[in-house]
Amino acid sequence: MHACIPQTHPGSVAGLTRRFRLAWSLLLACLLLPLAHAQDSVTAKANLSTGLARLGETVQIQVTVENDNRAEIRGVPQVPGLRFGAVMGPSISSFMESTGGRMVTRSMLRWAIPVEATEVGEFTLPELTVWVGGQERNVKITPSTLKVVKDVQADELGLLELPNLPTTVYEGQPFELRLRVGWVRRLNVRKASLTLPWWNSLPGMMQVKGPGFQPQTGQVQPLMVNGDFDLPFEVRPDEDLRGEPFRVFEFRTTVIATRSGRLDFATSTFMFAEEVGGQRSRFTQPSYREYYATVPAFSIDVLRVPEKGRPLEWGGAVGELTAERKVSSRDVSAGESMQLEVTWTGMANVEFFDTPDLKKLDSFSGFRVLGHEDSNIGMERRVVYDLVPLSDEVTQVPPVPLWIFDPATAAFKKIETEPVPIRVTGGGDLNLDAAFGPEQENNGGGRDLMDLLPVAGVQAGSQAASGKWYFAGWAGLLLGWLVLRKAVRRHGDPDSVLARARRRALRDLDRALAGSGEPLPMAHAVQRFLAQRSGEPAAAWVGRDPVVWAQQHGASEAGCKAAERLNALLGQLDAAAFARSAQTPARGELLAAAKDFAREVHA
Amino acid sequence: MVSFSKQVLVLLLGCWLLPLAFSAPVQDQERLSQEAEEAYRRGEYEQATTLWQDALALSNAEAGTSALRGHLLYNLGNAAERAGEPLRALAWYQAALRHLPRDGHIRHNRDFVRGAQGLPPADGDGLGATLRAGLRAFTPAESAWLAYGGLALLALALGYEALRGGRTARRLAWLAAGLAVLLALPRVRWMLAPPGPAAMVIAEHGSSLYSEPRGDAQSLVKLEATELVEPLDHWNDWTRVRTRSGQEGWVSSVRLQDIWY
């Protein structure tokens, strides 16, 4: 037995088919090869915008990832002397590319990482960790070193100062923070901003609340700080510095260090940019030359208020204060309320100290202290005490003492208000509890309980209302609405033109009769009324008997009588119009008949 | 057989005497309250509390809410606060608010006492808290009346729509439907959280929730001061309660103040 093996011949059909298959496979491989290559070509690059920067200048690291739309930058490196900002982006771009005769879609993700130079020196940038292709990849930043130099020109042409800052303060002690910035007047400066890394980020340092800095010149120039918010700088008169006139701007505020330790102020930078490059036109972007004036990092030591010599009455006041007082009245009756206003003013932590509690002072035993109101504005603390002198033996409002810690002498001292002589008359058997309520140790700063509520005559009964039928009410209401709606619409659409005309027939008749006293127009008005009620044109009612119409529509006896009455009145109107002898029926009579007709006869 | 005229006479007499029968407890309540107020003014807060509690006992607690009981509970709160029991006062105010949820006096005193005790505001902050406070500003009865009012408005609007039709009537019906839903919200709130017996933790530092009614039992959780719990059972000086999170356990009764009056 022989197996049937096909013999192929180069010139045969089978041979041609085999060659064709081979050629097709080669072609397919050529087409798929670039595609496979394209799928593998996920790339990541990181470039530093410059290898040389000035102190305070911000440079950028541009990170580019190709062909992976899910790439991420997970964290930025930490390099002492450089401050890395938040990663911006990514921006995504995609484009088509012809590879080996095929169109391939490529995508590109770009991020920007701002890097601010806060110290002079040469810094090596570590590799950046990028999550790409489903795994972490370290990407080298090129160039990998950043050299930071001081901007010598900015030191000559610009101004940035934080003058008269103390090197040590006590916790709670307020001190003035002044920022002076500026530039040589001859520069055409168009942009300026401040970078103060320590602003609002120093632990325990806070600005004193209040009206804030009041500019003396009245001119204020806002300056952007940390790219986030504006600070109002006062425009100061030009000053001669380094032999040249400078434009100067100043900001002042008062701050308090609330906890002991060290306040580290990182390098502050003032960027100002002059416009260069000739005339600006509609078609050209202005170019700028930027300068970076800096103040090197410094620190302030915050000391603890000493325990030694600290009186028990000390309520946390630190600084320099003066006390003033005034009373609402110097001539009062025993048992009558009077106000004592005490104001402490000065460079101290006025917001934060505890004011004296007069109830605890023996010197105020001649008074009942009802309460007090406490407020502070800027560097002033004001407390209004509500006092009641208890007898005519009281001759003065005693001094109000306050213990403060004086940072200048590093010692505690007591300041007092001047006593206020008063005259108290009357007295006798005072029932202050009845008048002002029982005395409280702590009544919450001048507020107190509201008094009892009356019981007599108050509604004793219950307002009980059960809501158990409520949802049944909803269902019933909707059902009723549907039924009523269907029933009404069985006779036609109530909003149709004819239905609306029918409803307003009486009103139209009333209006038409009011507008004319002549019999013919009145007759026409009645015919129009009948036409509106019957849903027919007005011409259909010329010479037509309403009684017949009513009978045809099954009107009741009352309906027929109403039709007869209306017909009689119509006849009178015709007679009055054409014979001019008969009397015109009254409007009221016509309306009453029409109303009866409308009520009794339905089409 | 009693004659018809006599029957009528007895009926009339009954109708005349019936209001008197109901007004007697009210008069007693007013008398007791008067005495309580006098004791309060004299600074005898325990005596005032006892008298106001007696007056409170004369009213029918099952009959829903009433302004009278709201006032009595508020006065009890004042007496407790003056007697140096601020947390008990808060419990009384909370009980009073169930009867008069929008009363300015009660809210003021509650907030005052909370502030003096360093407790956070009862109603909280933010839009959500404000909306919840708005829903709580009505008693169950008031919320039912509001809901029925909304339903009546809707009935009028739907009736008009059924009889007259047209775009204006349809718009009115939608408007009334929206209003009815809005007015039903307090009612829905009460349905979701029906009013029921509640008690407040009045111990200054809170209280432990014990697994059994004895002090050496296992402490399940710490209940904060002014926390509201649902009393379930009593055994000697212990109360079995359920917390808002659904946990059940025993609390010493002296650390609780009933606020369901």
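**Helices and strands in a predicted model**

Modeller: B:G165, whose phi is positive, near 70°, comes after helix 7 of chain B. This is a predicted model, in which local features need pLDDT of at least 70, side-chain atom pairs count only at pLDDT 80 or more, and totals for chains, interfaces and linings use all residues. Residues are numbered from 1 along each chain as its sequence is written, while chains are lettered from A and ligands numbered from 1 in the order in which they are written.

Biologist: What makes a run of residues a helix or a strand?

Modeller: Both are DSSP runs numbered from the N terminus: a helix is H or I with at least four residues, a strand is E with at least two.

Biologist: How do you know what span is expected of helix 7 (residues 140-164) of chain B?

Modeller: The expected span is 1.5 Å times one less than the number of residues. Helix 7 of chain B has 25 residues, and the 36 Å from its first C-alpha to its last is close to the expected 36 Å.

Biologist: Why is helix 2 of chain B called roughly antiparallel to helix 3 of chain B?

Modeller: Helix 2 (residues 45-57) and helix 3 (residues 67-82) of chain B pack at about 160°, with axes 9 Å apart. The axes are lines fitted to C-alpha atoms, for helices over the stretch in contact, and angles run from 0 to 180 degrees between N-to-C directions. Angles under 35 degrees count as roughly parallel, over 145 as roughly antiparallel, 65 to 115 as roughly perpendicular and the rest as oblique. The angle therefore makes the two helices of chain B roughly antiparallel.

Biologist: Which residues of these two helices of chain B meet?

Modeller: Among them are B:W52 and B:L56 in helix 2 of chain B, and B:L72 and B:L76 in helix 3 of chain B; contact requires C-beta atoms, placed from the backbone, to lie within 7 Å.

Biologist: How do you know that strand 18 of chain A pairs with strand 19 of chain A?

Modeller: Pairing requires at least two bridges found by DSSP. Strand 18 (residues 220-225) and strand 19 (residues 229-241) of chain A have six, in the antiparallel sense. A:V220 stands opposite A:E234. In their hairpin, with three residues between the strands, A:N226 takes a positive phi near 55°.

Biologist: What makes strands 25 and 33 of chain A edge strands?

Modeller: The open sheet has the order 25-32-33 in chain A, with mixed pairing. Strand 25 (317-318) and strand 33 (411-416) of chain A each have a single partner strand, so one side of each is left without a neighbour in the sheet.
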